[in-house]
Amino acid sequence: MSMNLEREKAVLPPSQLTDTKSVNLGKVLFGATIISMFTALYFIFIFADEEKTMRAAQKIFYYHVSSAWLAFLAFFVTFVFSILFLIKRKRIYDTYAYVSAEIGVVFTIIVLTTGPIWARSAWNTWWVWEPRLITTLILFFIYIAYIMIRQMDGVWDKKARLAAVFGIIGFADVPIVFFAIRWWQTKFHPIVFGDGPSQKGGGIEDTMLVSLLVTITAFTILYSYLLHKGVSFEKMKITIEQYKERLRESLDK
């Protein structure tokens, strides 16, 4: 298959690249993100009760857990669209998978940053080599590798196929991260909901639970906005590549 044919398969129809509905959706998501984030701030710092031991330092819990949820969601979307890409071979599926992976990596960094800050107050140490921290770090490196594959030189279709396989296999670490503290005994990460091998779920105050759910909702809306904008940006990059290719072809004639 020639390079030109590969490029033809990479083209997105112009109708998909400029869409008034897409612009309007972006504005709605942006407004919803701003409103939900301010609402989350109110619930975190005013509505939620203060934890008796860690006091105000515990407030980082809401951002830490919400960021972890968002990372899991982003990698799940990458997993789904990677499968769709391998089946349908449509570039739009690869685009969604790639953008979602980038968002997931960003919020995994937030998880790995807020975690030690919270740990310093809760455990009196910045880092402990315990199951959830280790598996989260592994998850981060897996998707860094995914992004590096997408940034390699070469025809997009080959890179996308390899990255899709990596995105599918890499998602296997997500449930491992979630169940790590339930499968392996640990004295650091508490189990809030459900039972563990050596400890019961500690539970959470009603005001804290409501605030956590509000914050998770706000972060989910933020994810939707970032995904929408990221895909729109990637579409514009593809459009520019198409124009550059046409210009080269016209100059070569």
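View 1. Rings of Phe, Tyr and Trp, the last taken by its six-membered ring, are counted as a pair if their centres lie within 6.5 Å. In this predicted model, the count by that rule comes to 16 aromatic pairs. The ring centres of phenylalanine 81 and tyrosine 93 are 6.0 Å apart with their planes at 40°, so the pair is tilted, given that planes under 30 degrees apart count as stacked and those over 60 as edge-to-face. The pair links distant parts of the chain, since phenylalanine 81 belongs to helix 4 (residues 60–88) and tyrosine 93 to helix 5 (residues 91–122), 12 residues apart.

**View 2. An aromatic cluster and two arginines placed over rings.** One aromatic cluster is formed by Tyr42, Phe43 and Phe47. Elsewhere, arginine 91 has its charged end over the ring of tryptophan 156, at 4.6 Å from the ring centre, and arginine 150 places its charged end over the ring of tyrosine 98, at 4.4 Å from the centre of that ring.

**View 3. Helix 4 and the residue that follows it.** Helix 4 consists of 29 residues and spans 42 Å from its first C-alpha to its last, which is close to the 42 Å expected at 1.5 Å a residue. Arginine 89 follows this helix and lies in the loop between helix 4 and helix 5. Most residues other than glycine have a negative phi. Arginine 89, although not a glycine, has a positive phi of about 55°. With a relative accessibility of 39%, arginine 89 counts as partly exposed, because that class covers values between 20% and 50%.

**View 4. Glycine 104 in helix 5.** Glycine 104 is found in helix 5 and has a relative accessible area of 0%, so this residue is buried, the limit for that class being under 20%. When neighbours within four places in sequence are left aside, glycine 104 is in contact with Ala71, Ala74 and Phe75. Between the C-alpha atoms of glycine 104 and leucine 139, which are 35 residues apart along the chain, the separation is 10.0 Å.

**View 5. Phenylalanine 141 in helix 6.** Phenylalanine 141 has its place in helix 6 (residues 131–150), where a relative accessible area of 49% makes this residue partly exposed; the exposed class begins over 50%. Phenylalanine 141 and threonine 108 are 33 residues apart in sequence, and their C-alpha atoms are 10.0 Å apart in space.

Conventions. Residues are numbered from 1 along each chain as its sequence is written. This is a predicted model: local features need pLDDT of at least 70, side-chain atom pairs count only at pLDDT 80 or more; totals for chains, interfaces and linings use all residues. Side-chain values use heavy atoms; hydrogens and water are left out. Helices (H or I, at least four residues) and strands (E, at least two) are DSSP runs, numbered from the N terminus. A charge sits over a ring if NZ of Lys or CZ of Arg is within 6 Å of the ring centre and within 35 degrees of the ring normal. The expected span of a helix is 1.5 Å times one less than its number of residues. Buried means under 20% relative accessible area, exposed over 50%, partly exposed in between (1.4 Å probe, protein chains only). Contact means heavy atoms within 4.5 Å.
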